[in-house]
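Welcome! Take a moment to turn the model around on your screen, and then let us walk through some of its parts together.

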Amino acid sequence: MATGEPVSGDVGATAPALDATGERRQLTVMFCDLAGSTAMANRLDPEMHKEVVEGYYDIVADAVSTWGGHIGTYLGDGVLAFFGYPVSREDNTARAVLAGLQIQETIEGVNANGGVNGEAIAARVGIHVGLVVLDEMGVDSGHGIHAMGDAVNLAARIQDAAANGDVFVSAAAARLAGPGFEVEDRGECVLKGIDEPQRLFRVVDTDDRSAGDGSPDELAFVGRDAERGLLAARWELARAGQGETVVLRGDPGIGKSRLVRQVVRDLDPPLSYTVECSPYEANTPFAVARSLLEARLAEEPNAAGGDALAHALDAERGAEPEESRLLLQSFLDGDDTARSAALTPVEARHRVIERIAELIATPAGGAAAVVVVEDIQWADPSSLEVVAALLARIATSPVLVVLTARPDFETPWSDSSNRNTLWLTRLAEDEIRDLVSNAISRSGLSDDVIDAVIARTDGVPLFAEELTRHLQDQINDGDLIPDSLSDSLLARLDRLGNDRPVAQAAAVIGREFSAEEVSRVLGGDQDCAVALQRLEREDVVERVGAGVGRFRFRHALVQQAAYDSLLLRTRRQAHERLAEFLTDDGFAAEVIARHWTAAERPTEAAEQWRLAGDRAMRAAAHLEAAEHFAAAIDQLTLLPLSAERHHDEMDLQLKLAGACQFSKGFAAQEVQSAVSRAMALSELTGEPGDQVQTLYGALTTTTSSGQISAVDPIARRLSEAAEASGDPIDLATAHVGCGSAALNLARFEEVLERSRAALTLLEGYPRQAGTNAPLARLYGGLAAYQLGDIDALVELGDPLLEWGETPTDDPFGDLINTNMALILSKTLAPDERTVRLADRLREIAIDNGLDFMTVFADLYGGWARAMQGDVDGVAMVQRGLELQLATQQYLYLDDSFRSLAEAQLHNGDSLGGLESIGQAVRHVAQPHHEIHVYRVRAELLAALDADPADIDREYIRGRDVEPGVRMPVARLQLALSRARWMLARGDSSTARAVVDACRVDDMDPRLFDVVQARAVLEECGSA
């Protein structure tokens, strides 16, 4: 069958249709008006006037028909004609101009011979190109085709601007008509009803043109010799056990996929598998990885028997084969809950990543393999981790990995000697010539036409391929070369005849689809398999795999052209049908959500996006979760305002904030924006419980960002909202939040009171305690320490320190407990417990994909090591500080710089420490921190043998910080440092006075600093 030839006669020749009472397409619109018709009607007998108008109609209709146009409708003395409907040609605009010129030439000839029934007539022609919506509903009633769009109105207004006997065209029409016309630029013209002036051209003259047709042939692969050679060389290395990676980069349509297919044929590897990434699955966790694993398992000897996974794992000498088999089988089945109870979601995720990478890096039977991942720029983040793990493993495997990517894709893995990037550029002129010439199976393609193809395709293979396929159908008609790829693709779709709706329905689904899915989109139970086979023969689609009933568009741009040709309402209808079908079949929520979104059903779309986000959070895929929650919020904003909508959006904004906290940091701008919006929405709902949630979130982000002065007003509002709610959990949450604010403002007695109140409330609700319990103990423990209250410290802090070193089956709970325990332990002493907690925190954070939580592991673990004389501890503190700044976690930033300064001081870098403490001075916010900043600054100056007056000035500044605030431990630590410095200078009397001023006798003798103070006093006495 010739490409593009209408099909008929076989079963299923008439495809089921969507609600397609119209369509969208780019058309060349011609409007022709009979000049002076009103005056003529007043002057002539009605019957004679009718005959004159009909003669004029015949002239116009003959010209339109001659040049392949279509009369849309007759409007009194005007005629609206379309070029590009019902079948598009790539020279639509040139044909319209030729028809307009023929109308004027014919009228001139008719008038020279006495006119129409003795009447001289004149016409004006206007031509424009643009998007038009066509509806044939008026055809049966005699009203012609109903056309809507600016292009129709603009063509009519261009005609108004023309003089009698002229053909005027818009700038777009002049450009698309091509160089074969002589035009006169009439400049910018103001047209009635058109907002912007339009640049118009008068067509002066042209040469004669004619038409023909032709037949198709398969396109041969040409060029790319250097690229094929490089890939062949890399394959030889891979076959020898030195795995290689090649990234093919280039613009869409440049020929990446075609090159890969040809190279795989050239190499003829024992094994090869190709997977393609889809933009629709860019946020579906492991979408590409699942396809890779399925392709790998299909190569197992007993794949057909269903034991491929077990066989692959047995052959691969990995650990825990049975556990891995169960885990990967549940992964293949799409069941993210069917995993070993011993594995957390994040542990399962990491195990899946590693095991998939191991399996792909060890091809079945030890054979060499080529692994191709196309359009990796659309891969989901989780699959990119799998690919990165794969690339890290193939250095000693017989595997060549080929990735295709668009230019803007940023590789998330580092470069290495076995990773290569190959940029594809446009084909050379002689290669395009070969591509076009080899496509023709018989003579008839002239050198002039080939030259025109070369000039217009500019070396892009896809463009040349599509245009050449069209030429094979139209060569005998002498058609002009199409001016744009979109026109060419539309022409190909038009030539599909009754199968065109099938291609359109498939385009709604995506690049890849099944016959059953297409049938559902079309709204019936009809079998589309026959139509899809014809589309396959027409090279519009190709089969995926063997006998699985799945197809894919050969080119993404073909799919897009088919999709764009559907009316908006038809698209919505198709997406709605597909969403319902996918829901019934249990597809992933994000896939269903995309179709509900395109169907403009925001309620259903928002719910599916929310479900997708929740699932991604359970799988620790926080980046994907954030995208899904944001999409859900976008859909909710399309719904009418209501209390329910406000509540739903508030809930989603808090979910979004949570996802961003775990992917970007607690104080990231995205977190603050989401919390701020949630807080505004809670005011609209008027529910105190909602306000507690959002105000607590606002308090957390405000504190994390270091805005200590702003926390107190938020804390007061939080307390008021909790009192209005009366819910025990809300009240406990408020106590914890207000305790945090009081701690940062050095109101330590209030902190103790609120911590105890929160813990009392939570005793009755252990399952709902969440993070409130460890936070209450942390804040209470820190306050007790600052007050020197050993009993309160033991009461509140000891359980937290124990929790921090006790693993549970809740990784998130372990993370919080360990982090809180580390903060408290660092405050108490730089001992081995602090180091252990820091190491444990780092391990939990990394295992759960929360790298930003390693901030305090590095800061406090490094500080503790440095204080014990480990010089590597300084580098750890610096690394933690860099991450803290990068993730905008500004709370305790002064303490972080102070910790770095202390670490540098204890390891001999006093100058570096002095620079660090200067940063601490600039960021200090809490008064008890300020005391320590001045203490360390004085110690650094002393280590540098600075002027004693300057050293003592720093001590005095620390002593005078907030004299009305009770901070006995911080003040005693400052006094001890100053006293030791004075003793070293021989001033024992002043040293004693400094310590005595702290009233050590009134403090608990069990305090470490009190013990130290008594030792210093004894030293003063002996001196």
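This is a predicted model: local features need pLDDT of at least 70, side-chain atom pairs count only at pLDDT 80 or more; totals for chains, interfaces and linings use all residues.

## A parallel sheet and a pocket

Strand β9, covering residues 244–249, pairs with β13 in the parallel sense, and five bridges link the two. One place to look is Thr245, whose bridge partner in β13 is Arg419.

An open sheet is formed by five strands with parallel pairing, in the order β10-β11-β12-β9-β13. Because β10 (271–276) and β13 (419–423) stand at the edges with a single partner strand each, one side of each has no neighbour in the sheet. From one strand to the next, the twist averages 15 degrees. In general, strands of a sheet pair through backbone hydrogen bonds, in a parallel or an antiparallel way.

Strands β10 and β11 run parallel and are joined by six bridges; in β11, Val372 is the bridge partner of Thr274.

| Strand pair | Sense | Bridges | A bridge partner pair |
|---|---|---|---|
| β9 and β13 | parallel | five | Thr245 and Arg419 |
| β10 and β11 | parallel | six | Thr274 and Val372 |

Rolling a probe the size of a water molecule over the atoms shows where empty space is left. The second largest pocket has a volume of about 1400 Å³. It is lined by 48 residues, of which Gln661, Phe666, Tyr696, Thr700 and Thr771 are the closest to its centre. Elements giving two or more residues to this lining are α23 (602–618), α25 (643–664), α27 (688–704), α29 (728–744), α31 (772–787) and α33 (811–828). Of these, α27 gives the most, with nine residues.

Finally, step back to see the whole protein. It has 43 helices and 16 strands. Of its 1023 residues, 55% are buried. Among contacts with a separation of 6 or more, 69% come from residues 24 or more positions apart. The accessible surface comes to about 42300 Å², and 49% of that belongs to carbon and sulfur atoms.

Technical notes. Residues are numbered from 1 along each chain as its sequence is written. Side-chain values use heavy atoms; hydrogens and water are left out. Two strands pair if DSSP finds at least two bridges between them. Helices (H or I, at least four residues) and strands (E, at least two) are DSSP runs, numbered from the N terminus. Axes are lines fitted to C-alpha atoms, for helices over the stretch in contact, and angles run from 0 to 180 degrees between N-to-C directions. Buried means under 20% relative accessible area, exposed over 50%, partly exposed in between (1.4 Å probe, protein chains only). Contact means heavy atoms within 4.5 Å. Accessible areas come from the Shrake-Rupley method with a 1.4 Å probe; for residues, only the protein chains shown count as cover. On a 1 Å grid over the protein atoms alone, a cavity is a set of points where a 1.4 Å probe fits but cannot get out, and a pocket is an open set with protein on both sides within 12 Å along at least five of seven lines; lining residues have an atom within 4 Å of a point. Grid points are joined across faces, edges and corners, and a volume is the space filled by probe spheres set on the points.
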